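Q: I am new to this structure, and I would like to learn how to read its features one at a time. Could you guide me through it?

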Amino acid sequence: MEQSSGIQASLSGRYASALFQLARDENKLAAVEASLGGVKQALAESAELRALTSSPLIGREAAGKAIGAVAATMGLDPLTTNFLGVLAENRRLGSLSAIIRDFNKLAARQRGEASAEVVSAHPLDDGQIATLKTRLKSMIGSEVAVDLKVDPSILGGLIVRLGSRQIDGSIRTKLNTLAQAMKG
């Protein structure tokens, strides 16, 4: 399978590629993708889990036991559970969010989808997500998997990154442009 050299060039990309290849070889892509989706959501919702993955004060053994307990509680598939253990052992849990993002890009590419990063000021509802996917599909001609992020600092609107293209419709950018124009 052809993989983007951009993804493989990064640390998170190498881990994501390794997990992707293992999951593909064992026909467990859907299970791993679902488990990683749960981990991504848990990272967004739990300050304790974010602290576990990012704290340099937590040793390898303690991080491994803690992440194993979290995986068991969440009911993650065995491949993802083992992978998280490897990350803990190698002190790479801090890269978990980036690894999940890169894995999702690889999985989307495997399904023939493009992937887009979408930043909004507030969480989007299902209708808004469906409309966004439809518009992006009409722009590029293929299905689009979206990676949603919330950043209140953009004030409103959306920032969409699709490959090397970026569409910035944020209110913050519009205000900055207006301020620059007023300075003359």
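**Reading the model step by step**

A: Helix H9 is followed by Gly184, whose phi is positive, near 85 degrees. Keep in mind throughout that this is a predicted model. H9 itself covers residues 171-183, and its 13 residues reach 18 Å from the first C-alpha to the last, close to the 18 Å expected at 1.5 Å a residue.

Q: Which residue has a positive phi of about 55 degrees although it is not a glycine?

A: The general idea is that most residues other than glycine have a negative phi. Here Arg91 has a positive phi of about 55 degrees although it is not a glycine, and its place is in the loop between H6 and H7. Arg91 has a relative accessible area of 39%, so it counts as partly exposed. Leu155 also has a positive phi, of about 70 degrees, without being a glycine, and Leu155 lies in the loop between S2 and S3.

Q: Is strand S1 largely enclosed or open?

A: Strand S1, residues 114-120, is largely enclosed by the rest of the structure, because six of its seven residues are buried.

Q: In which sense does S1 pair with strand S2, and in which sense with strand S3?

A: With S2, residues 144-150, strand S1 pairs in the parallel sense over seven bridges, and Ala116 is the residue that stands opposite Val146 in S2. With S3, residues 158-162, strand S1 pairs in the antiparallel sense over five bridges, where Val119 stands opposite Ile159. As a general point, the side chains of a regular strand alternate between the two faces of the sheet.

Q: What do S1, helix H8 and S2 make together?

A: Taken together, S1, helix H8 (residues 126-140) and S2 make a right-handed β-α-β unit.

Q: How many aromatic pairs does a search of the whole structure find?

A: The search finds two aromatic pairs. In one of them, the rings of Tyr15 and Phe83 have centres 6.3 Å apart and planes at 70 degrees, and since planes over 60 degrees apart count as edge-to-face, this pair is edge-to-face. The pair links distant parts of the chain, with Tyr15 in helix H2 (residues 11-25) and Phe83 in helix H6, 68 residues apart, and both Tyr15 and Phe83 are buried. The rings of Phe20 and Phe103 have centres 5.9 Å apart and planes at 65 degrees, so that pair is edge-to-face.

A: In soluble globular proteins, nonpolar side chains tend to be buried together. The largest nonpolar core here has 29 residues, and those with the most contacts inside it are Leu87 and Phe103. The elements that give two or more residues to this core are H2, H3 (29-45), H4 (47-54), H5 (60-74), H6 and H7. Leaving aside its neighbours within four places in sequence, Leu87 is in contact with Tyr15, Arg92, Leu93, Leu96 and Ile99. Apart from this core lies another, of eight residues, among them Ala114, Ala116, Val118 and Val144.

Q: Is Thr80 buried or exposed?

A: Thr80 has 0% relative accessibility, so it counts as buried. The place of Thr80 is in helix H6, residues 78-89, and, leaving aside neighbours within four places in sequence, Thr80 is in contact with Val32, Ser35 and Leu36.

Note on methods. Residues are numbered from 1 along each chain as its sequence is written. This is a predicted model: local features need pLDDT of at least 70, side-chain atom pairs count only at pLDDT 80 or more; totals for chains, interfaces and linings use all residues. Side-chain values use heavy atoms; hydrogens and water are left out. Buried means under 20% relative accessible area, exposed over 50%, partly exposed in between (1.4 Å probe, protein chains only). Helices (H or I, at least four residues) and strands (E, at least two) are DSSP runs, numbered from the N terminus. Two strands pair if DSSP finds at least two bridges between them. A crossover is right-handed if, with the strands pointing away from the viewer, the path from the first strand over the helix to the second runs clockwise. The expected span of a helix is 1.5 Å times one less than its number of residues. Contact means heavy atoms within 4.5 Å. Rings of Phe, Tyr and Trp (its six-membered ring) pair if their centres lie within 6.5 Å; planes under 30 degrees apart count as stacked, over 60 as edge-to-face and the rest as tilted. A nonpolar core is a set of buried Ala, Val, Leu, Ile, Met, Phe, Trp, Tyr and Cys residues joined through side-chain atoms within 4.5 Å.
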